[in-house]
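Subject: Structure for you to look at

Hello,

Here is the structure I promised to pass on. Please open it alongside this note and check my reading as you go.

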Amino acid sequence: PIPSPLPPMPAPHAAAATPLLRPPRAACAAPSSYALLATAALSSMMVALSPASHTGPLAASNIRSNIVPREDISHQPFQLPARIFNKVARLRGGDLEAEKNKGNALFQQGKYEQARDLYTRALNSASDKTSEVALAILRNRAAAHMRLGDYQKAVDDSTEVLKHVPDCNKALLRRAMAIEKLGDVKLFVTGYRDARKLIMDGEGATGTETLKEIMRIEEKMRAAFRKTLKTTEEICKNCYEDAAMRILHNNMNLIDRAEEDLNVACDEVCENNNANFSGEYAFKCIDLRMNIYKQKSNFECLHEDLTYMIESQPRNVSLRLLDCVALEASEQWKKLLKQARYLVYKYDNISLTYEQERQATGHLARATEFVKRIMAVNSSKDYYH
């Protein structure tokens, strides 16, 4: 019910051309009875519903116990729509690229410490630390660490890059150089492998001058790496891989170094009383060294290696024919005569193709002729027999 008496409504202004739809501003200065009544009713309702003012079923403890908890979703990340998310990701990638360019500019100015700090801030704020831009920043920070002398940090950053991009030449280069600067023999195995991989990629990966530096580092770390190898076969495998890598470059300087690698393997085999080269890589080493001797026309050494090979494979016709070539080139006619007779007369029941038999017959004819000449000069039949 509306309380009575009601306050009188103000009369319309006499001079107004149109009636006022609301009272003048002065009449609204004090709250009306309607406002007072609404405030009082709201206060009474709040007091009535307050759990603190009740006992029994409406007590605060009972109300709390009867409330069914809602599912906690505070731990769930907020998911943006795909269209908006992709746009935000592109913006973040662009910002990261801009930060990288700023750091590169500082690096080129020689401000290595500032560049390193900028790279670090950019990486910390990157949403995807495995993106192409983030890995490029990490690689550049390794270069900044190198300039500042923080070689261990350079190794760590380069290693992180190589986990995601194993063939990154810049990361391989910086890790190998940092390991060489650290001088930690335990890391030389890693540095040696990095340097060897860069050498295999050639000048296109590093440049001519840098490749020379990498070859120097590889040479330094190779001896330390080979000390970690336990068996003769492991040493032969490493020497064979190194030599084959150098021969691929078709450079005489590298071929000379390949020959040195193979000499290490062959000497290791002979020292361990395994002159027959029975191991897989031991046999490959002697075979590859024979090819080097043949390319360099070092026929005397070629014959020595072929002797080892023939001892392990006496019925191998190809090896014996190659030995005939080496003996004829080095003018060892008596040995050539013996080897050619073995082939032509088919000792040990060996089988030859037509072409192989033709080659063996030619060697035998030339050897016989030269031996006869030597007999005539020396007047000695014993030499021929």
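**The cores**

The largest nonpolar core has 54 residues, and Ile214 and Cys236 have the most contacts inside it. Helix α10, residues 208–226, gives the most to this core: 7 residues. Bear in mind throughout that this is a predicted model.

Take cysteine 236 as a way in. Leaving out residues up to four places away in sequence, cysteine 236 touches Ala265, Val269, Tyr281, Ala282 and Cys285. There is also a second, separate core. That one has 17 residues, among them Leu352, Ala367, Val371 and Met375.

**The whole protein**

The protein has 385 residues, of which 34% count as buried. Its secondary structure comes to 18 helices and 0 strands. Now the contacts with a sequence separation of 6 or more: 53% of them join residues 24 or more positions apart.

Helix α12 covers residues 252–271 and contains valine 264.

Is glutamate 259 buried or exposed? Glutamate 259 counts as buried, because its relative accessibility is 13% and the cut-off for buried is under 20%. Not counting residues up to four places away in sequence, glutamate 259 touches Ile292, Tyr293 and Lys296.

Valine 264 has a relative accessibility of 38%, so valine 264 counts as partly exposed. Setting aside neighbours within four places in sequence, valine 264 contacts Arg226 and Cys239.

Two packed helices are described by the angle between their axes and the distance between the axes. Here are both values for two pairs.

Start with α13 (residues 280–295) and α14 (residues 299–312). Their axes come within 9 Å and cross at roughly 150°. Why do α13 and α14 count as roughly antiparallel? The crossing angle is roughly 150°, and angles over 145 degrees count as roughly antiparallel, so α13 and α14 are given that label. The crossing of α13 past α14 is left-handed.

On the α13 side, the contact is made by Phe283, Ile286, Asp287, Arg289, Met290, Tyr293 and Lys294. On the α14 side, the residues are Cys301, Leu302, Asp305, Leu306, Met309 and Ser312. By class, this contact has 8 nonpolar, 1 polar and 4 charged residues. Tyr293 of α13 takes part here, and Tyr293 is also one of the residues touched by glutamate 259.

**Helix pair α15 and α16**

Next come α15 (residues 317–329) and α16 (residues 333–344). Their axes come within 9 Å and cross at roughly 155°. α15 and α16 are therefore roughly antiparallel to each other. α15 passes α16 in a left-handed crossing.

Which residues of α15 and α16 meet? From α15 come Val317, Arg320, Leu321, Asp323, Cys324, Leu327 and Glu328. From α16 come Trp333, Lys335, Leu336, Gln339, Ala340, Tyr342 and Leu343. Sorted by class, this contact has 9 nonpolar, 1 polar and 4 charged residues.

Most residues other than glycine have a negative phi. Two residues here are worth a look on that count.

Glutamate 331 is not a glycine, yet has a positive phi of about 60°. Glutamate 331 is found in the loop between α15 and α16. With a relative accessibility of 56%, glutamate 331 counts as exposed.

Lysine 346 is the other case, with a positive phi near 55°. Lysine 346 sits in the loop between α16 and α17, the latter being residues 354–378. At 36% relative accessibility, lysine 346 counts as partly exposed.

**Last item: alanine 105**

Helix α3, residues 82–108, holds alanine 105. Alanine 105 has a relative accessible area of 31%, so it is partly exposed. Alanine 115 is 10 residues away from alanine 105 in sequence. The C-alpha distance between alanine 105 and alanine 115 is 8.0 Å.

Best wishes

Definitions and conventions: Residues numbered from 1 in each chain as written. Predicted model: local features only at pLDDT ≥ 70, side-chain atom pairs only at ≥ 80, totals over all residues. Heavy atoms only, no water. Helix = DSSP H or I, 4+ residues; strand = E, 2+ residues; numbered from the N terminus. Buried < 20%, exposed > 50% of the residue type's maximum accessible area, 1.4 Å probe, protein only. Contact = heavy atoms within 4.5 Å. Axes fitted to C-alpha atoms, helices over the stretch in contact; angles between N-to-C directions. Parallel < 35°, antiparallel > 145°, perpendicular 65-115°, else oblique. Left-handed = near helix turned anticlockwise from the far one by under 90°. Nonpolar A, V, L, I, M, F, W, Y, C, P; charged D, E, K, R; others polar. Core = buried A, V, L, I, M, F, W, Y, C linked by side-chain atoms within 4.5 Å.
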